[in-house]
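Good morning, and thank you for coming.

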Amino acid sequence: MNRIVIIGGGPAGYVAAITAAQQDKEVILVVDGPLGGTCLNEGCMPTKSLLKSADTYDLVKNAGQMGIRLSPNSIEVDWATVQERKREVISKLVNGIRYLMGKNKIKVIQGRASILSSNRLRIENGNENEVIDASKVIISTGSEPIPLPFAPFDGEWIIHSGHAMSLPAIPDSLLIVGGGVIGCEFASIYSRLGTKVTVIEMGEKLLPGEEDDITSILHGELMNQGVTVHTSTAVKNINSTSKTVYLENSDGKLEEMPADYVLVSIGRRPRVNGIGLEENDIDFSRLGISVDDRMQTSNPSIYACGDVIGGIQLAHVAFHEGRVAALNACGQFAQVNYRAIPRCIYTSPEIASVGLTEKEARQKYGEIKVGEFAFSANGKAVLSNKPVGKVKVLVNPQYNEILGFTIVGQHATELIGQGTIMLHAEITADMMEDLVAAHPTLSESIHEALLNVVGQAVHC
């Protein structure tokens, strides 16, 4: 039997299914929910649809700066149309995955799967149970939002990111608990649509994993968008009856804060319960399923990939891990390459990075070279009325090895692709000195940052 059974139809799962089918295996994909998983239905894609609507509204409101006169009273957000467009985007992309399943002759079964043994699974769908055999099993059950320990999600007032995408109307006020990626993205969406947004972050700054000079730029822009940010502040209690949140700052000062909604975005946890891990000697913890660099678990017949293994919870990482897991499950050899993984934050301005941060680079290499170029000196950024941000590149002076890129500014998540290619191909900084970058483009800033490493930047 050459049957691969995959549990979960998100980015890791459906890519694993297609990859296994390309190796001429019989493939069954078991999904407990819609195809595309959280990313497509409640995460990446619907969030970006809302962000695009917010970007467009922001552009129109500020059109006067570009010489386009509009009546302020005639500009409004049609939230029903925003939501309908979001649903249409999701539907089109889900149908695309469904088409790929058919094209690759992948059998899709709706139901909840649990592992009975190394080569046998039970699938439950309502009152119906089915047992199927498999040569290999790939687990890609994804992750779920983490609630506050004293205030579970009710979907009405205390909400998670999935709820926040489909609110019945644009709220007057929104309190966001957690200033990480998800919290900052929703702050960027709703503040620009007119909501009074407050972000509560326990740490000393927003986006704790990013560099101080980068997060300070985003912090300033969020404040310009009307967002109130409280760092070094903890949520002590929540009263659903009075719709009040009780806060405590680093000085011990207590504050009461009402809000129309409380969005809890303190992280996501792997979905590891109820799939038979304990019964089949599969090592796991609350952080996820343990795997090696081939995505193999402690049970040699079972692989795992995507958010369920913890680590970097990004859809494009899940794509890569899903492919690696499937190739190994099909008897080939493949390993995960985490060296050049782009990290993208879709705020306004966007933040994107790849490789090491400056702090990480200094800890590992000691003395490094840092090249920067501000978008305020870039013609395309200036004429686009988006001069905020910069490009930063880190280089090992001994070999001119490029260690990392960070970009904050418009289209940063697109621009980071150039840095990702450089790190993946192990291109050195001196190899880029004679690059001819098109003008006027934002990508000129990447070349100028590289030239700045050796003191040859022209426009700064």
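**Salt bridges and backbone features**

Let me begin with Glu-248, which is partly exposed, at a relative accessible area of 25%. Throughout, buried means under 20% relative accessible area, exposed means over 50%, and partly exposed lies in between, with a 1.4 Å probe and protein chains only. The model is a predicted one, in which local features need pLDDT of at least 70 and side-chain atom pairs count only at pLDDT 80 or more, while totals for chains, interfaces and linings use all residues. Residues are numbered from 1 along each chain as its sequence is written, and side-chain values use heavy atoms, with hydrogens and water left out.

Which residue does Glu-248 pair with in a salt bridge? The partner is Lys-236, with the closest N and O atoms 3.5 Å apart. By salt bridge I mean a side-chain nitrogen of Lys or Arg within 4 Å of a carboxyl oxygen of Asp or Glu. Glu-248 lies in strand 14 (residues 244-249) and Lys-236 in strand 13 (residues 233-239), so the pair ties together parts that are twelve residues apart in sequence. Helices (H or I, at least four residues) and strands (E, at least two) are DSSP runs, numbered from the N terminus. Lys-236 is also partly exposed, with a relative accessible area of 45%.

The whole structure contains 17 salt bridges. Another of them joins Arg-362 to Glu-358, at 3.0 Å from N to O. Both residues belong to helix 9 (residues 358-365), four residues apart, or about one turn of the helix. Glu-358 also forms a salt bridge with Lys-392, where the closest N and O atoms are 2.9 Å apart. Since Glu-358 is in helix 9 and Lys-392 in strand 24 (residues 390-396), this pair ties together parts that are 34 residues apart in sequence. Lys-392 is buried, at 1% relative accessibility, whereas Arg-362 is partly exposed, at 35%. Through shared partners, salt bridges join Glu-211, Asp-213, Glu-358, Arg-362, Glu-372, Lys-390 and Lys-392 into one network.

I turn now to the backbone. Most residues other than glycine have a negative phi, and most peptide bonds are trans. A cis peptide bond links Ser-348 to Pro-349, with omega about 5°, and another links His-439 to Pro-440, with omega about -5°.

Is Lys-105 buried or exposed? Lys-105 is exposed, with a relative accessible area of 73%, and its phi is positive, near 55°. Asn-400 likewise has a positive phi, of about 60°, but is buried, with a relative accessible area of 18%.
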